[in-house]
Amino acid sequence: LSLFLSIFLVKGVVNVLLTTPLWVVNTRLKLQGAKFRNEDIVPTNYKGIIDAFHQIIRDEGILALWNGTFPSLLLVFNPAIQFMFYEGLKRQLLKKRMKLSSLDVFIIGAVAKAIATTVTYPMQTVQSILRVSENCLNPGGRGCSELRLRFGIMGLYKGLEAKLLQTVLTAALMFLVYEKLTAATFTVMGLKSAHQH
């Protein structure tokens, strides 16, 4: 499992570094035309993806394409936290019973994802703020710090309920399928499943 997580984390870091510019442009294009109450967020006028890349590099510098990279790198740990809690909860349940039911797997998968999402969600909020604000890298730019101050600590959790609804069910089903496939693989190989201690 540790080797799997190590490979997963390295893959995640490489993915973040390569795709962050696309996410920055995607976020800017999605928010184009939106009205903001914060005067530090300057409205944009991009004609498309290429024009967005061109304007960002021209007006803010090439590093602006990697706005939000640090929180994105921290978010790579979300699956590691999820698996850590899943395995811990699974071990605790297996101390009390011989085998886990499908409902057990579904519930601990959901709980593990809910914990991982809640722990890392503030990073997603900060990531979004950094991607949309063009003042983050400018000397003396107040955009990011003021946005964070106005949101406050609880503001970092805005939208968490929707995110939990989006991810928890998917993760619970994923763990259920994972355990079924693992058990089937062990059965085919003639070995005992991890559930049958």
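**Close-up 1. Glycine 61 follows helix α2 in this predicted model.** The phi angle of glycine 61 is positive, near 95°.

**Close-up 2. Buried and exposed positions of α2.** Ala52, Gln55, Ile56 and Glu60 are the buried residues shown for α2. Viewed down the helix axis, the buried residues of α2 lie within an arc of 100°, and they therefore line one face of the helix. Ile50 and Arg58, on the other side of α2, are exposed.

**Close-up 3. A nonpolar patch on the surface includes Trp66.** The patch is formed by Ile57, Ile62, Leu63 and Trp66, which together have about 390 Å² of accessible area. Tryptophan 66 is placed in the loop between α2 (49-60) and α3 (69-75).

**Close-up 4. The largest nonpolar core contains nine residues.** Its members are Phe83, Tyr86, Leu93, Leu94, Leu100, Val105, Ile108, Ala112 and Phe175. Helices α4 (78-96) and α5 (102-132) each supply at least two residues of this core. The largest share, four residues, comes from α4.

**Close-up 5. A second, separate core has seven residues.** Val24, Ile56, Ala64 and Leu65 are among them. Ile56 is also one of the buried residues of α2.

Notes. Residues are numbered from 1 along each chain as its sequence is written. This is a predicted model: local features need pLDDT of at least 70, side-chain atom pairs count only at pLDDT 80 or more; totals for chains, interfaces and linings use all residues. Side-chain values use heavy atoms; hydrogens and water are left out. Patches are made of residues with over 30% relative accessible area and no salt bridge: like charges are joined within 9 Å, nonpolar side chains (Val, Leu, Ile, Met, Phe, Trp, Tyr) within 5 Å. Accessible areas come from the Shrake-Rupley method with a 1.4 Å probe; for residues, only the protein chains shown count as cover. A salt bridge is a side-chain nitrogen of Lys or Arg within 4 Å of a carboxyl oxygen of Asp or Glu. Buried means under 20% relative accessible area, exposed over 50%, partly exposed in between (1.4 Å probe, protein chains only). The arc is that of the directions from the helix axis to the C-beta atoms. A nonpolar core is a set of buried Ala, Val, Leu, Ile, Met, Phe, Trp, Tyr and Cys residues joined through side-chain atoms within 4.5 Å.
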